[in-house]
Each structure stands twice: as C-alpha cells, then as structure tokens.
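Here is a friendly briefing on how the parts of this structure meet, both between chains and within one of them. Have a look at the structure first, then read on.

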Amino acid sequence: MFTNSGVFIMYKILEKKEIAMRNTWYKIYAPHVAKKVQPGQFVIVRAFPNGERIPLTPIMWDREEGWIVLVAFTKGKTTMKMAMELKEGDEILNVAGPLGNPAPMEKFGKILAIGAYVGIAEVYPIAKAWQEIGNDVTTLHVTFEPMVILKDYFEKAVSRHIVEPVKIDQEKSFQENTKNVTKALTAKVKELLDNENWDLVFMVGPPGDQKAVFEVVKKYGIPMKVDLHPIMVDGTGMCGACRVTVGGEVKFACVDGPEFDAYLVDWDELIHRVGFYSKLEKLALEKYMEELKAKGVI
Amino acid sequence: MPKLIKERVPTPERPVEERIKDFDEVNLGYTWELALKEAERCLQCPVEYAPCIKGCPVNINIPGFIKALRENKDNPRKAVKEALRVIWACNSLPAITGRVCPQEDQCEGACVVGKVGDPVNIGKLERFVADYARQHGIDDELLMEEIKNIKKNGKKVAVIGAGPAGLTCAAELAKMGYDVTIYEALHEPGGVLAYGIPEFRLPKEILRKELKKLSILGVKIKTDHIVGRTVTIPELLKEYDAIFIGTGAGTPKLLKIPGINLNGIYSANEFLTRINLMKAYKFPEYDTPIIVGKRVIVIGAGNTAMDAARSALRLGAEVIIAYRRGEEDMTARIEEVQHAKEEGVKFMFFVNPVEFIGDENGRVKAVKFEKMKPLEERDSRGKRKIIGTGEYVTVETDTVVIAIGQTPNRIIWKTTPGLKVRENGTIVVDENLMTSIPGVFAGGDAIRGEATVILAMGDGRKAAKAIHEYLSKKSA
Ligand SMILES: Cc1cc2nc3c(=O)[nH]c(=O)nc-3n(C[C@H](O)[C@H](O)[C@H](O)COP(=O)(O)OP(=O)(O)OC[C@H]3O[C@@H](n4cnc5c(N)ncnc54)[C@H](O)[C@@H]3O)c2cc1C
Ligand SMILES: Cc1cc2nc3c(=O)[nH]c(=O)nc-3n(C[C@H](O)[C@H](O)[C@H](O)COP(=O)(O)OP(=O)(O)OC[C@H]3O[C@@H](n4cnc5c(N)ncnc54)[C@H](O)[C@@H]3O)c2cc1C
Ligand code: SF4
Ligand code: FES
C-alpha cells in the first residue's frame with residue numbers, strides 16, 4: 001500500500017518454518033486481514049515483484065497483534081520460490097483479503113471434516129470453530145507420512161483427530177504414490193461412514209480426491225460440503241478464472257464460494273480446468289530449478 | 001477570415017511489422033512543431049459557443065488551451081504550462097484522456113472544421129501538452145504552485161476504487177484540503193487503466209507518473225483492501241466524514257451457452273489482467289502464465305474486444321473478431337479499429353455464438369455461430385435490430401476471448417445494507433451523485449455500467465464538489 005509519502009508498506013514475515021516435508025508455515029503481519037478474517041476465507045498473496053497472485057488460507061490469526069498464519073505446500077514455482085527465498089524478517093509485497101465467504105457457522109451435529117495433503121490446514125479454522133459452537137467434529141488427515149502437519153493443534157481443537165499416513169514408495173512414480181493416498185482416503189471414509197452416523201461431511205483437497213470421496217459419501221446420502229480450488233487471478237470476482245458449474249449455473253468460487261454443495265459441483269469440468277496451465281507451470285518450475293542450480297543452491 | 005486548412009497534421013505511428021512484435025505504444029504523438037502546426041488549424045470559436053467544448057464531457061476550454069500554444073510560439077515551455085493550466089481546470093488526467101477518449105464522438109465529433117474537412121486533432125493536442133509537460137517537469141512545477149494554495153480542513157474522505165473515477169475524486173478533494181484515503185482491491189492502482197487497457201495504447205509509465213501526482217497531493221492509497229470484505233462501508237462511515245464509491249463495472253458477462261467453461265475460453269478481463277497487470281506476455285520472466293493457441297476468436301466489438309484481439313496478435317496468434325452486428329455498429333474507438341485492421345485482425349460480422357465445442361480433454365476446439373441479419377427497425381440506442389437466420393457456421397479455434405461487456409461487482413452492494421442498486425447492479429444516485437446512504441457518493445462505471453474514462457472522471461470531479469458542499473453544509 002502507498003502511504004502519504006508514496007512509500008510502500010509491505011507485510012512482514014514474523015515467523016517462517018518448515019513444519020513437515022514441503023509444508024512451510026508463515027506467520028505474517030497483515031493487520032487488515034487479521035482484523036476481519038473468518039473461518040473459510042482466504043487471501044491472495046503476491047510475494048515477488050515479477051510474481052503471480054496465489055490464493056492461500058489463513059489458518060490462525062490474532063486480531064490485536066495483527067498477524068495471520070499461512071501454511072503453503074511447495075507445489076510449483078511460486079510456492080517453491082517462497083520456501084527457498086523468503087526469510088524471517090523479510091517483507092512480502094501483497095496480502096489481499098480476506099476473500100470469499102466465511103464458512104456457515106451452524107449446529108450441524110456430528111461432522112466429519114477431511115483434509116487431503118495440505119488441505120487439512122484449511123480445515124483447521126473451520127473445524128475448530130464448528131466444534132466451538134457445539135458440533136461434534138471428527139477430523140481426518142490423509143497424506144504422505146512425512147507430510148503430517150498440525151496434529152497437536154487438531155487434538156486440542158476437535159472431538160477426535162484421525163491421521164492416516166501413507167508411506168511413500170520410492171520405487172514408484174509420484175502419480176502412483178498419490179493414487180495410494182486416494183485409496184487410503186476413500187477406504188477410511190467408507191469405514192467411518194459404515195460404522196457411525198454423520199450429519200455432514202466436509203472436505204478440502206485436490207479436486208480429484210474430493211470427487212473420489214464424494215462418490216463414496218453419495219452412496220450414504222449424507223450432506224457434503226467442499227471448499228473448491230479452481231485457478232484464481234484477482235480473487236475479487238473480476239475475471240471469472242475461478243468459475244465452476246454448480247447446480248447447472250456458472251459460479252465464481254472467489255465471490256460465491258469457495259464452499260459449495262458437493263452434490264451440485266461439476267467435478268470433471270473442475271478437474272479439467274485446474275490442469276489447464278500444467279505445462280507452463282512445469283516450465284516455470286524447471287527454469288527456476290535451473291537458476292537455483294546455477295547459483296549452487298541445490 | 002481565418003484560413004481553413006482541411007487536412008489534419010498526421011501523428012507519427014510505428015510501422016505495423018515492428019509494433020506487432022511488442023507491447024510498446026503504437027502512436028508516437030506530436031512533436032512541438034507538429035502540434036503547433038495542428039493548433040493553427042483551430043478557428044478559435046468563441047468560448048460561449050465553441051461546439052468542441054460542449055462535446056467534451058468535462059467541458060475543457062479547448063480553444064483556450066490551443067490559444068495558449070499559439071500565443072507562445074517562441075517559448076514552448078511557457079506555451080505548454082499555460083495550456084496545461086487551462087486543461088487542469090477541468091481534467092486532471094489529460095495524458096490518459098488524450099489517448100483513450102473516443103474523440104470522434106465527443107469534442108472532435110463536434111468541431112466545426114470537421115464539417116468541411118478533418119476536425120482539429122484535439123485529443124492528440126491534449127496528449128501533447130500532457131506529455132511535453134511531463135517530460136520537461138512542467139507538470140510538477142504547476143502542481144507545486146497548486147499545493148501552496150491547499151489549506152487542510154481536517155476532514156477525512158474515503159474513496160473506494162482507484163480507477164479514473166476514484167483517482168479524480170481523490171485529487172480534487174485533496175486540492176480542497178481534505179485528508180483522502182483510497183481503498184483499492186488490487187495490488188496496483190489505476191482500475192481499467194492498469195489492468196484493462198494495454199501498454200500499446202497507454203504505457204504504464206504514464207499511469208504511474210499520474211499516480212505520483214496523487215501522493216504529492218497527500219492522497220494515501222491502501223492497496224489489497226477489498227471494501228465489503230477487508231472493511232465495510234458502515235465501518236468506514238465511522239472513521240470518515242464522507243465516502244465516494246468508484247468501484248467500476250469489473251465483473252465480466254459470460255455467454256450462457258453450452259461449453260462456456262471449456263479450457264481456452266477466457267473472459268476479456270482475465271485475458272487482459274494476465275497480460276497487462278501480471279505481464280504474462282513476459283512469461284516465464286514473470287510468473288503468471290497465459291495460453292493463446294494458433295487461432296483466437298474474440299467475441300464482441302468494443303474497446304475491450306479490440307484490446308484483447310491486438311494483445312492476442314502480439315502473442316503470435318491469428319485473430320478473428322466475431323460480432324453479432326455489422327461493421328458500422330461497432331462501439332470501439334475508430335482509431336483502434338483501424339489499428340486492429342492494419343495489424344491483421346480479421347473480422348466476422350453478423351454471427352452470434354450458440355455453442356462452444358470441446359475436444360476430449362475439455363479444451364475448446366470450435367465455436368458454432370448462428371448467422372444473423374439486420375432489420376430496418378432500430379433499438380433504443382438507435383442500432384439496427386438483428387435476428388437469427390437459422391443458418392449456422394462453425395469455426396475452428398483453440399482460444400476464445402469473451403468481450404461482451406461487464407457489470408458492477410457484487411461484493412460492494414451485497415455487504416452494504418441500505419445501498420440502493422438497480423437490477424443490473426449499478427448504484428442508484430441522485431443529481432448530486434449521492435447514494436441512498438447519506439454521505440456516501442458514487443460515480444463512474446459503478447453507476448453507469450460500462451461507460452468511458454472521461455465520464456468516470458467527470459463523475460469523480462462532480463462528486464468531489466458535491467461532497468465539499470455536503471460537508472460544508474453539515475458543519476455550518
Ligand atoms: C481458495 C484457495 C485456497 C487455497 N489455500 C491454500 C493453502 O492454504 N495452502 C496451500 O498450500 N495451497 C492453497 N491453495 C492452493 C494454492 O493456491 C496453489 O497450490 C498455488 O497457487 C500453487 O502455486 P505454484 O506456483 O507453487 O504451483 P503451480 O505448479 O504453478 O501450480 C500447481 C497447481 O496449483 C494450481 N494453481 C496455480 N496457480 C493457482 C492460483 N493462482 N490459484 C489456484 N490454483 C492455482 C494449478 O492449477 C496447479 O494445479 C489454495 C487455493 C485456493 C483456490
Ligand atoms: C479493456 C477495456 C478498454 C477500454 N477502453 C476504453 C477507451 O479506450 N476509452 C474509454 O473512454 N473507455 C474505455 N474503457 C472503459 C473505461 O475504462 C471505464 O469506463 C473506466 O475505467 C471506468 O472508471 P471507474 O473509475 O468507474 O472504474 P474502474 O476503472 O473499473 O476502476 C474501479 C476500481 O475499483 C476497484 N474495486 C472494485 N471493487 C472494489 C472494492 N470492493 N474495494 C476496493 N476496490 C474495488 C477495482 O479493482 C478498480 O481498480 C475500456 C474498458 C475496458 C475494460
Ligand atoms: S470547434 Fe474546432 S475550430 Fe472551433 S474552437 Fe473547437 S477545436 Fe477550434
Ligand atoms: S479469481 Fe477472478 S473472478 Fe474469481
């Protein structure tokens with residue numbers, strides 16, 4: 001932001017740590033967001049001058065002290081560059097938000113809240129708030145073994161926290177490995193739905209996994225909500241990059257969501273759309289890795 | 001009798017082969033000598049009668065600024081300073097309006113010389129004055145003189161949105177002594193000037209320079225603040241004496257036809273935001289990606305469509321503009337249509353998309369159009385009505401950009417109880433541009449729907465005056 005003298009105020013990184021393999025925790029001074037953010041909302045971050053805008057989710061905040069915590073999974077160029085180059089005490093250029101609608105704070109009853117991979121971070125503020133207003137919340141985290149995060153936080157916040165760590169098979173490709181996560185995920189959900197009664201299922205994770213879990217839940221007829229992750233640019237409803245079809249209508253996830261009824265989402269369309277830039281994303285990452293190699297960092 | 005020179009002095013432009021390879025400005029503008037020559041063509045109609053002044057939405061004293069140039073032939077510095085003083089009295093962003101106004105419908109459309117030959121090139125003269133002033137520090141000089149006259153009055157005004165409406169309102173209020181803070185959702189101020197209009201029409205360096213003027217005037221800009229989410233209007237009202245809403249009409253209209261969400265189909269806003277604001281044309285030097293295929297079909301024929309088409313062309317694609325009406329119905333500025341044609345953009349008229357056809361991977365591969373035909377009857381805007389012929393044509397493509405218009409963003413009115421809006425989302429205001437909430441004013445595309453830069457600026461000015469009156473009355 002520009003001040004009186006035309007100087008930029010940026011957002012200071014108060015704390016940065018790797019909390020698990022490829023999972024980085026950033027505590028950032030952003031008082032305008034901290035003051036307002038509600039569970040279910042997100043921010044758009046631009047960390048570098050030539051950088052892109054990416055959506056991330058505040059999972060904890062302090063309204064008085066003015067900070068928020070973001071947990072980012074190192075996925076492509078931007079999250080990798082953030083993990084490699086940002087240090088405590090650095091400032092990042094932009095944190096816009098809060099964006100999106102808050103999650104509905106209602107008494108649903110017994111809730112199963114699922115997070116695949118880093119998705120569990122986004123589940124945290126919502127599950128915690130649901131429990132606080134009188135819901136009976138069970139959280140389920142399915143991810144690779146070295147990527148388990150926030151276990152202590154969940155154990156304090158909700159009725160029951162289940163972790164299903166999946167071993168990484170070094171012999172197999174990444175693709176094959178993620179299939180094992182999907183398998184573990186659907187198997188565990190099935191088991192939980194078979195043995196207990198639930199009023200609501202909620203899930204955050206890659207759209208392919210969300211779809212797979214939805215296919216299971218559907219058979220039990222239990223209501224299911226999902227936070228969707230389409231590609232976003234502005235995050236304020238100005239471009240429609242984040243559009244999804246819900247109940248036959250075009251919705252912008254950044255202003256109408258990110259939460260939607262899983263029964264109404266056009267899953268295949270979302271999965272196609274999220275993959276649109278994958279070639280360019282790979283190119284950007286490869287180029288960045290070369291830069292790092294040239295610098296002797298890796 | 002003044003001698004009438006029928007033909008206008010042309011402005012130099014970069015050759016097509018060169019300019020389609022980059023995003024640098026196409027029109028190079030007048031030099032001092034050329035500007036003076038063009039200024040000589042003006043007949044100096046009396047101010048109370050001059051049709052050009054009436055044609056200008058903010059009524060710049062056009063013969064007055066032209067006279068300032070002519071009367072100081074031997075002293076360009078003085079000439080430009082006096083001319084700029086005249087322009088600034090009505091318009092604080094002449095470098096921008098000189099470039100983007102549809103002059104043929106406004107000042108130049110009314111110019112008397114236009115009845116027998118080419119109208120005086122008012123837009124390019126305005127642009128010359130602003131550019132020359134900027135390049136020679138004359139605008140800073142003038143600004144410093146103005147700042148000396150500012151007396152702070154201790155009152156605070158919040159402006160929402162840093163587009164032309166908000167920027168103008170903020171500048172005018174600051175000059176009257178108000179403490180002004182702009183709240184802007186994006187990371188850069190400018191509105192459409194920053195994210196919509198490309199560099200080849202409006203270099204961002206010029207925009208930045210205009211924005212620096214604001215900070216010299218003491219205006220604060222809080223970027224990354226989305227009013228309605230980060231802070232609401234009721235909350236702002238506790239902290240500020242008045243509010244101006246200039247949030248524009250940024251939400252793209254999309255076609256409600258099958259296949260709209262196929263990959264490769266962009267709204268013009270997304271396409272242009274990636275290019276202008278995020279510099280995706282410099283990927284991977286810049287991180288934001290963009291994908292244009294071999295052939296791009298742009299749907300629509302306004303300024304937005306021309307900008308998208310010419311941007312796509314610069315990324316190496318073959319580009320077709322598809323429009324449901326005829327050539328004479330296009331709403332884009334004539335200069336831009338000409339530039340687009342010169343650069344090789346192709347046009348299809350009287351075609352209306354009915355379906356986007358995708359491949360097995362969910363990527364668009366063709367657009368199915370219905371052929372249209374015009375009727376004699378005209379609609380409320382005076383355009384010929386069109387009807388479908390029942391004949392269809394399918395055109396192969398791998399990228400589509402939809403530029404059929406914009407509506408106001410939902411966030412602001414969904415989160416502001418008591419703010420009256422019309423069905424299309426535009427904010428209702430009275431003749432003083434005050435909304436249904438006392439002390440809250442609005443202008444620009446937020447009240448008009450998609451309009452023009454100069455109308456947004458005119459609203460910003462008018463609202464600043466109204467805010468001043470409102471607050472003066474309130475404290476009296
Ligand atoms: C509302 C929302 C909240 C999110 N919250 C978190 C979070 O708390 N923690 C976290 O680790 N991740 C979160 N994400 C996902 C995160 O935005 C992406 O992982 C990140 O943008 C990847 O950027 P990259 O350049 O590192 O990876 P890339 O390799 O460039 O992209 C990898 C994947 O991320 C997707 N992606 C890329 N850019 C965007 C973008 N601008 N918007 C959405 N998806 C994108 C791509 O489609 C691709 O599938 C969230 C996404 C959304 C939409
Ligand atoms: C591609 C394109 C080309 C154009 N070409 C021309 C042209 O050649 N000539 C011409 O005269 N007109 C042109 N126009 C139209 C012209 O740009 C607009 O009429 C003008 O910009 C409107 O100004 P504004 O200030 O009302 O809104 P905008 O320029 O839209 O600015 C609104 C600002 O408000 C911000 N905002 C929105 N919501 C919020 C919120 N809730 N909180 C905080 N900030 C918010 C937005 O981010 C934006 O910065 C063009 C438009 C487009 C899209
Ligand atoms: S109408 Fe034309 S000739 Fe008359 S004052 Fe205006 S610019 Fe000059
Ligand atoms: S990200 Fe642009 S509209 Fe949602």
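Between chain B and chain A, 25 residue pairs are in polar contact, both residues being at pLDDT 80 or more; a polar contact is a pair of N or O atoms within 3.5 Å, where within protein one must be able to donate a hydrogen and the other to accept it, and residues adjacent in sequence count only if both atoms are side-chain atoms. This is a predicted model, in which local features need pLDDT of at least 70 and side-chain atom pairs count only at pLDDT 80 or more, while totals for chains, interfaces and linings use all residues. Residues are numbered from 1 along each chain as its sequence is written, chains are lettered from A in the order in which they are written, and side-chain values use heavy atoms, with hydrogens and water left out.

**Chain B against chain A**

- The contact (heavy atoms within 4.5 Å) involves 54 residues of chain B and 52 residues of chain A.
- About 4400 Å² is buried between the two chains, 55% of it on carbon and sulfur atoms; buried area is the accessible area (1.4 Å probe) that two parts lose on being put together, summed over both.
- Arg229(B), Asn261(B) and Asp287(B) provide 17% of the area that chain B buries against chain A, more than any other three residues.
- The interface has three salt bridges, each a side-chain nitrogen of Lys or Arg within 4 Å of a carboxyl oxygen of Asp or Glu.
- Asp256(A) and Arg410(B) form a salt bridge, with their closest N and O atoms 2.9 Å apart.

**Domains of chain B**

- The domain assignment, which is automatic or from a database, gives chain B domain 1 (16-144), domain 2 (152-250 + 408-474) and domain 3 (252-405).
- The centres of domain 1 and domain 2 of chain B, taken over C-alpha atoms, are 26 Å apart.

**Domain 1 against domain 2 in chain B**

- Here 27 residues of domain 1 are in contact with 24 residues of domain 2.
- The two domains bury about 2300 Å² between them, and 71% of that lies on carbon and sulfur atoms.
- Leu93(B), Ile96(B) and Leu143(B) contribute 23% of the area that domain 1 buries against domain 2, more than any other three residues.
- The rule finds one salt bridge across this interface.
- A salt bridge joins the side chains of Lys209(B) and Asp140(B) at 3.7 Å, N to O.
- Four residue pairs (both at pLDDT 80 or more) are in polar contact across the interface of domain 1 and domain 2.
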